[in-house]
Structures are given as C-alpha cells and as structure tokens.
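I open this notebook to record what I looked up, step by step, with the sequence and the coordinates side by side.

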Amino acid sequence: MTLTGCVAQGWRNLSAHKKSILYLYLVILGSASILLLPFMESFESSLGSGIYRERLVTALDYDWYQLFRDRVQGAAESFGPWVLGPGPFLHTLEVLLEDGFGKLPAAVLGAAAIYLLLHTFVLSAAVSSLHLHPGGGNTRGFLRNGAEYFGRFLRVSVLALLLYWFLRHVLLTPVDGWVDSFSDAAATEVTGFYLSLARYLLVLVLVLGLDLFLDYARIKVVLEDRTSVLLAVVAAARFCIRNFLGVTGLYLLLVGFTLVWAGLYLGFDTLAGGDSRVGILVAFVVQQIHMLGRMALKLLGFGAQIQFVKGRDPWFRDPVEGGTSLSPTVPTRGPGELA
Amino acid sequence: MRVIGLLALWLTTSVLPAATPGPGQTPAFPERNLSYDIQAKLDPVSKTVEAQQVLSWRNSSDTPIREFHFHLYLNAFRNNRSTMAWEQAFAPFWRGKDPIPEDYWGFIDVGSIQVEAEGAEGPTRVVSRRFIHPDDDNAQDRTVLLVELDRPLAPGEQVRFRIEFTSKLPRGVRRTGWVEDYYFLAQWFPKLGVFADGAWYCHQYHFHSEFFADFGDYEVSLTVPSGMVVGATGRQVGETDNGDGTHTHRFRQEDVHDFTWVASSRLLPRTRRFEHPGLPSVDMRLLLMEEHAHLEERYFRAMEHSLRLFGTWFGPYPYSVLTLVDPPYNSRTGGMEYPTLVTGRTDFWSPPETLSPEGVTIHEVGHQWWYGLVASNEAEEAWLDEGITSWATDRAARDAYAPRVHVEWLLGEIPLSFPSVVRPFETRNLHWVRRGGRLDVMTRNTWSFRNRRSYFVNAYAKPDMVLWTLERYLGSEVMLRAIRTYFERYRYRHPTAEDFVRTVSEVAGEDLEWFFRETLHSAERVDYAVTEARSMAIPDLKGVPPGEVETVEEVTVADVGEGAETQVPAQTEPAVPQPDKETEAAGEASDGEVTAAKKVYWSRVVVTRLEGGRFPVDVVMEFEDGKRFRRLWDGQYRWVRYEFKRPSRLRSAVVDPDRKLLLDIDPTNNSRLVKPPTSGGRSLATWKWTAKWLFWLQNLMETFALIS
C-alpha cells in the first residue's frame, strides 16, 4: 500500500470514529479550561475599572502588559504577546526546543499533567478502536478499550518523558556545551547563529523522531496486544529501522498536513480578527475548529500508521506464516478481531 | 615640524578661566588650556601599545597646584582586587570565567614622567608619584595616579609632562580590549583629571560609572600593522607607510575630552557626507563588519537622523567628522560613546522593526551632545548624560521611524514581530521606574547606588521618564527651548544638576524646584488613582408638608481633603441653579436648574495618592448628559473628594486625563467608569484575550503531548 493509500484508508477508518476526534478535542479544551477562571479573574482585575477595559478590546496595550507582567501570579504569568498570530505555534515550539517547560507557571504544568492523563486515556481508546472496530463502535466499547490500553499507553508516555529528559539533559548537554564554546570563540556571530539553529534543528528532529518512534510503539501495543511496553518499543524500533523511508515519509506527509492546516488557520485568524462580540466569537470558533482539526490529524496519523504497519509487517499480511520472534507467538487477539 | 605644530597649539591656548554664565547669559567659548600629543605603536602579538605622550596644561585656576591627578583606567583590569573588580564581584563580567584566563587582564604601566614648567617660577620636577584612592580605601586599586611636583604651579603657569607608558589590552571587556584581530583602545593613556573649584575631580574606575575629563586638543600618531583599518577620535590628517610592515595614521581633534581608537583588518570603511540646511556638514565614517554590510544604509540613515534632529533641537554638531564603529561579535565594545567616535551594536538578522542598529546608533550619537559637549561629571551625576540622552533618543526615534512594535526573539536568534503591539517610545522605561524607582535618588555618585538595577534606573530610566513628564508639563516647544538653552550655555563647561534646574526654570518662566524636588531628589514613586466614582439618586424628601417645593442645589462641588484645590475653571463651573428656568426641558445645557420634580443624583469621586510622589494633577469627571468637569488638584494630601448634585449620573472620572504625568507607575487605575461595560459579567477585553490565551495553552498542551 502506498503512503497516500495508507492515509486514505486511515481517513476512511477515522470517518467511522468521528466521536474519537470529538473526545480528544473535548479533553484538550477541558484541560485548558481548568485554568480559565483563575486566568479570567487575574485578567479582569488587571484592567481596573476604567478605560483600559475598553482600550484592551482593540489592541494589546504595551503599558498595560508590562504592568500585568510585573504583578500577575499563577497561570496568567504565561500570558504575553505570543498569544497573537503565529505566536501560539512558534512560542510553544520554542518552549519545546529550549526545554522551557520548567519555566512555566506551576498551574500551567499541572493542567498539562492532567491533559497528559486524559489525553492518554482517550488516545488509547481511539487508537485501539481504530484497529479493533474499523467499522465504528459505540461509546461503551470506546471506554472499555481505553480502560484496557490506558495503562500501557501511560507507560509509553512516561517512557517518552524520560527519553525526552535524557535527550535534553544528557545526550544533548555536550552538544550544547560544544555549540556554546564554539560560538563564543568564533570571529563572527553568524557562526554562532547557524550553530545555534543547527542545535535546535537537531533537537527538533530528535523530538519528532521520538514521537514517530513511540507512535509505532503504541500501535504495536494495540496491534500485537503487547503487555510489555519495552518489547513493544523494541518491536517498533525494528519496524522503523526496517521501514525507515516509509515511516519517515508517512510522518513527514502528516507533518505537512499539520503545517498546511496551521497555515489555513493563520489566514483565517487574520481575517476573523474583530473587536466586537461577534468578531471575538468568530475568532474563538476559528481557533477551536483548528484544534478540532489538529485532533483529527492526530488520529488520522494513527489510522494511516496502523494501515502502514498492517501493510508492511509480514505478521499482519499473513498471521499464520508471518510470525516472528518479536510478534506475539500466541496473540491474545488477532488482527481485525473485535473485542 | 611637529614641534612647530605643537607650539602653534600652545599659542592658541589661553590662561583665562572659564566663567560660569549667569541667568540669561550666553557664555563665551571656553579657553583652551590642555593638549595631548601622543605617539603610540600597537603590537598585535603581545596585545600592547607602547607610547610616548606629551601633555601640556596651563593652570587656568587661581590656585597654585602642586599635585596632579591622572586617570589610569586600564588598571581596572589589572587584577581581581581593583575597585571595579570588587564592585562587580557578584556579576562577573569576564564572561563568568573562573579562574580568569591570563589574556583577560589588562593594565597600564607608566614608565618615566618628565616635567617642564614654563613660568616665572623656573624649572620643576616630579618628586613623587603614587596611586591614590579618593573614593575608597582600596590600596589595590591603581586607577588614579598622583604626581607631585617639587613646587606648586602658579596660576597662569604652563606645565608639560612627558610620559612614557605601556598599555596591555585585556581581551574585550567593558568596551575596551581585543578580540581576534580587532583592537579597541579606550581609556588607554594617562588622562588628566578635571581641576575645578580648587580640587581635582579624578575618580577611580567604577563598575557603574563612565568618564569625566577636561577638554583639550589631541594630536595622536598611531602605528599599526599595514593593512589594518584605523578609526579614531577626530579627523585623520595623514598616513605614512613606514616601510617595515607598519603604517602610521595621524589624527587631530580640538576641544574633546578623550581619545579612543580602533584598528582591525576586518573593518570595512564606508564614508558619506551629512548635509542639511542650517547645519554644518559632517563627514560620516562607518567602519563596518562584513557580516553587517547589508546594514550600511540603515547605519548611515540613523546617523543622519541623529545629526539632523539633535542638531536642530539642541545645537549643531561642531566637529567635522563622526566615526561609527560596528564592532565584531564578542568584542564587548558595542554601544559606547567617545568624542566623535561611537560604537554601534546589532545582529546580522535585524529586520527594520527591531530598530537595531538604529536605536543604539541614535543613542550613542546623541551622547555627542551631552557626554561629548556638555560633559557633566558622569561619576557623580550620570543622569545628566545618560538620562538626557535616553530621552533624546526616544524622541528622535519617535520622529524618525515608524512606531516601535513588540519583537520576540525566538530561540534567542530569530526576530518575530507583532505589528499590532505598539511599544510607545515615551513610556519605554516606565516599568523600570516601577521596579526600581524606590531604590535610590537620582543624584548620587554612581558607585553609591544600591545595585546595578538602581544605577540603570537612576541614570537612564527614571530621568528619561522625568524628562518626558517635564515635556508634557511644559509643552514640547518650551521643553526644547529649555534644553537647547542648557546645551548652548553649558557646552564645554561640565555643568551640574543645579545648572540644569536653574536653566529649565528660567526658560519655563517658573520656579520648577518643586518638580525636581519630587524627581531628582526623591526616591518616591508616583501613583494617582481614582479609587471611588459613584452616583446615586437622591431619594424624595420625607416629612415635608405637601405642596411645598424643595429646591435642590444642583451645584455642590466639595473638594474635601487637607490641602485640596478648590479651584474651578470658569468654563466648567457648574451654573448656579435658577429655579425659574427649565433648561433641561428646553434641551439646553444640563447644568441649569433642578427642581424637586427632576431626578437628582449625588455623585462622588475620590482620587487617592497611592505613592509618595506629589504632583498637581487634573481630574476630569464626565456625566451621562455629556457634561465634563475638570479640577486641578495639587496632589499633596493623600486624597481628595469631589461631590456633585446634578440631574445626571456620573459616567466616569479620570485623573491625569492627558497623561502628562508619565511617571505615574500605574496608568490602569487612573480612570474609573461608574458602570464598566461588561459582557457576561466580564469586560469584552477579558473574553478576547482569554480566548487567545486558551488557544496558546491548547497549543502548549499539544506540544507537551509530542514528548509524552
């Protein structure tokens, strides 16, 4: 099956699981909304009772912002001009590449942790449902799948966090030191600039690689019903190495879809900006449609990757003949078998 | 030939002391009594400069002088026990390196000092020399050298010092030193202090201090390896190929108080001529790094804007040349001013909205007027240079460029601008005043400030905001006239804050001592707030016999509070109620009569002074019928209350509605709406920005999901 074929088949499967997209979206909306009230309180009180209540409707007043930044505490500390335009994408990417999570307010990290748990549950339910119920399923089955795979998916998530920490604080530490000392000794800032960009590009590639690799680990957990996360990771590694071009190509295709979707959002965001109630509402709706789309793309990715694994892994092409030492010798549940 | 030139220089000097001009007086050009003739040779291998210096000085005071104080500021980098090193102990500037590598040290060693006197008293000689520490007891500090003669130099007598010295350059630190094949030489020669009021002003080198010296004429020959581009204070008057792999560049400049130079084979020289009607022409010289070559036009344009605007506002730039050095990466020499030579600072990826290199260029060129020409004592009153220059920089940038927008530097390298977030030049430093405004008063020696932040606040940020506030108070025209008068009156004369205050008061036509008492000499911040704004309908009178008409006095302006202003401008004075007129019904101005038949509202506004700073402020109260009342409150007591009984509800109250008081640290509490507009119980702004923040947070969570 070609890569686009995988995506098309993944899309067809996803069409039967529209609710999964909605659940995933509701999780991210709900997790973020935990901080909504405290944020609104901080923001509202910072406006005072005077003209800044009106002035802030039209633009981000910089005098106000500096005062807000000096005084605010809690989740609202994370507010800044980066909420505008492409800021939400680029600023959060910066947080990732600079390992700036530790600088975020504790409340934001707490909400992110809650999101991690809920997201893991819904993702485990959605991915397993895509495999086990390709034609669609009901909510009870969705929840049951989530309950069954949540623990394993959570272990993968914890492993991912550990690997990220290792990558950022152990593996890349010498690189950071080398880049800094080389930049410091260079005759021109251009050297340091490109070295710095190269460093961040390396971090990005490694993080995306980690994401790709652990996506397949999750898929292996579901497809091969593995209880051992470590063995699933090993199986995923073997698969990714053997099908390096395919997995990379498919991943880049999906990243491309995400970038196009982000570009579309930025275009609409520019047009949808408004200072009236309606304008603000439209901008909010556009943002949330974008997030909904992101969730759909995420599940589309899993759907396509499941198809890719099924198409490439001999065990799935011919379960009787294709068993390998890394595939479950006695699968508790064969491919396509319903729970 | 050179001796003849030197003789000619002496002949142009005079023995007359510079008189301090009185009010209304425009001073004569100060007399020249100091000259330097230096021959220096750079050795790039040992990073040293070997030099001979002839310093001629005439005692233009009426005091016999036996001791002479010299700055040897390169000794600040001599070891980790210098006063500067102690002062920066908690903020390492040697790039945080510990132990400090050998090439980070720098010093100046003075060899022989011979002295010749020309006067009735006959010859003289040096009897002793020693390092002194006028600011502290640090015996390890060698930044001020005292040279004692065998007899006092009589008033009017001239002395000539022949000094041999070696300057060892540190690796680039605090705007001096070398990096790769770039050599920047500042504070590199023995420089005489300023003798005034019977004493020497020659402070040690401090971490938080810049420089102070007397005006003189410089003739300097610089020998460097061939192929090096040389820039220096003044204009180049000659270049000789020595035939031994070196070239000698000769520079000359009159009426400057320092001499700085740069040499590097990496500098790309560019020249352009500044011309503007009514201003003298200036040869602009730009020494540019190759990686910044694409910024040439922007550098020149910033220099032109500076020469034009400052020349128009304050007075013409008097020198024929202005050199701007674009320093290399890691040289630690960017963003500094010296007479006729300044250093810029920028990044190779600097889109126009970053205002880099423009901001730094304007600032450093602006110093030519205040550091360069007015030349106050920066060790004792740094704000007179840095503060005025910061205000002038913001003003020039505002007039010359598009409004500044917020720029985020992604990953510390990539500029991402937000065009909708405008950063006003006028309030650029307000948050610094808010953060550090209570640490010190502005008028302290720089080394006496509590910490680095306080130095920055009181030398740069607060005076910038003080001057913006003063401009709003006086009006731009008067303000510029005052600053121009100050400049014209005190250039070349080392004025003090008192001179500044006196001049501004004189031009403004009022005693502004109260203003400067609250700003220069006070560490109190300023914050006025409308803390109450309410309106309520006056209930019908109970217990009055039916048929009797009660007249409600509409106009009741009660300014309550000790020291409160009760002045009411005529145009806003509410009319005395006229019971026989129905102005409301006739649709006329609503401040006419009110009878019991009409609804009457009792409105109350309280304005509170939340901080210690006291300024007179306007308070404007607006009613729903469109009527506005303006009151001037002297701002002295803690609060003032205004009360109204009018046939209309109060809509809003604003203190300082014209934002004159830019020093007010919290503009968000300056106004209060009686009924703030809400949508769903909150302001529309809250909904808007919460939605945007929510989206950012969702993206953050998704990014987090990427690694989990």
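This is a predicted model: local features need pLDDT of at least 70, side-chain atom pairs count only at pLDDT 80 or more; totals for chains, interfaces and linings use all residues.

**Entry 1, a residue of chain B**

With that term in hand I looked up D37(B), and found that its place is in strand β1 of chain B, which covers residues 34-43. Is D37(B) buried or exposed? I counted 22 C-beta neighbours inside 10 Å, and the cut-off for a buried residue is 20 or more, so D37(B) counts as buried. I then took the C-alpha distance from D37(B) to R631(B), which lies 594 residues away along the chain, and it came to 63 Å.

I went through the elements of chain A and listed 14 helices and zero strands. The radius of gyration of chain A is 23 Å, close to the 20 Å that the globule rule gives for 339 residues, so I put chain A down as being as compact as a globular protein of that length. Along the principal axes, the C-alpha trace of chain A spans about 75 × 55 × 30 Å. Of its 339 residues, 41% count as buried. When I took the contacts in chain A with a separation of 6 or more, residues 24 or more positions apart accounted for 73% of them.

Helix α6(A), residues 87-97, is mostly covered, since I find nine of its eleven residues buried. Among the buried residues of α6(A) I noted F89(A), H91(A), L93(A), E94(A) and V95(A). Just after α6(A), I came to D99(A), which takes a positive phi of about 55 degrees.

Further along I stopped at L104(A), in the loop between α6 and α7 of chain A. L104(A) has 18 other C-beta atoms within 10 Å and is therefore partly exposed. Which residues does L104(A) contact, leaving aside its neighbours within four places in sequence? I found S78(A) and L109(A). I also checked L104(A) against T248(A), 144 residues apart in sequence, and their C-alpha atoms are 32 Å apart in space.

I next turned to where the two chains meet, and the contact takes 75 residues from chain A and 63 residues from chain B. On the side of chain B that touches chain A, the elements that give two or more residues are β23 (405-410), β24 (414-422), α6 (430-436), β31 (671-673) and α11 of chain B. Which of them gives the largest share? I find that it is α11(B), with 23 residues. By class, that side of chain B divides into 32 nonpolar, 17 polar and 14 charged residues.

Since two packed helices are described by the angle between their axes and the distance between the axes, I looked up both values for each pair below.

I began with α7(A), residues 106-132, and α11(B), residues 684-706, whose axes come within 10 Å and cross at roughly 60 degrees. That angle makes α7(A) oblique to α11(B), and I recorded the crossing as right-handed. The contact joins V108(A), A112(A), Y115(A), L116(A) and H119(A) of α7(A) to L697(B), L700(B), M701(B), F704(B) and A705(B) of α11(B). I sorted these residues into nine nonpolar, one polar and no charged.

For α6(A) and α11(B), the axes come within 9 Å and cross at roughly 40 degrees, again with a right-handed crossing. Residues in this contact include F89(A), L93(A) and L96(A) of α6(A), and W696(B), N699(B) and L700(B) of α11(B).

Last I took α2(A), residues 18-33, which packs against α11(B) at an angle of about 115 degrees with the axes 9 Å apart, and the crossing here is right-handed. In this pair I28(A), S31(A) and A32(A) meet L694(B), L697(B), Q698(B), M701(B) and E702(B).

Terms used:
Residues are numbered from 1 along each chain as its sequence is written. Chains are lettered from A and ligands numbered from 1 in the order in which they are written. Axes are lines fitted to C-alpha atoms, for helices over the stretch in contact, and angles run from 0 to 180 degrees between N-to-C directions. Helices (H or I, at least four residues) and strands (E, at least two) are DSSP runs, numbered from the N terminus. Angles under 35 degrees count as roughly parallel, over 145 as roughly antiparallel, 65 to 115 as roughly perpendicular and the rest as oblique. A crossing is left-handed if the near helix is turned anticlockwise from the far one by less than a right angle, and right-handed if clockwise. Two residues are in contact if their C-beta atoms, placed from the backbone, lie within 7 Å. Ala, Val, Leu, Ile, Met, Phe, Trp, Tyr, Cys and Pro count as nonpolar, Asp, Glu, Lys and Arg as charged, and the others, Gly among them, as polar. The radius of gyration is taken over C-alpha atoms; the globule rule is 2.2 Å times the number of residues to the power 0.38. A residue is buried if 20 or more other C-beta atoms lie within 10 Å of its own, exposed if 12 or fewer, and partly exposed in between; C-beta atoms are placed from the backbone.
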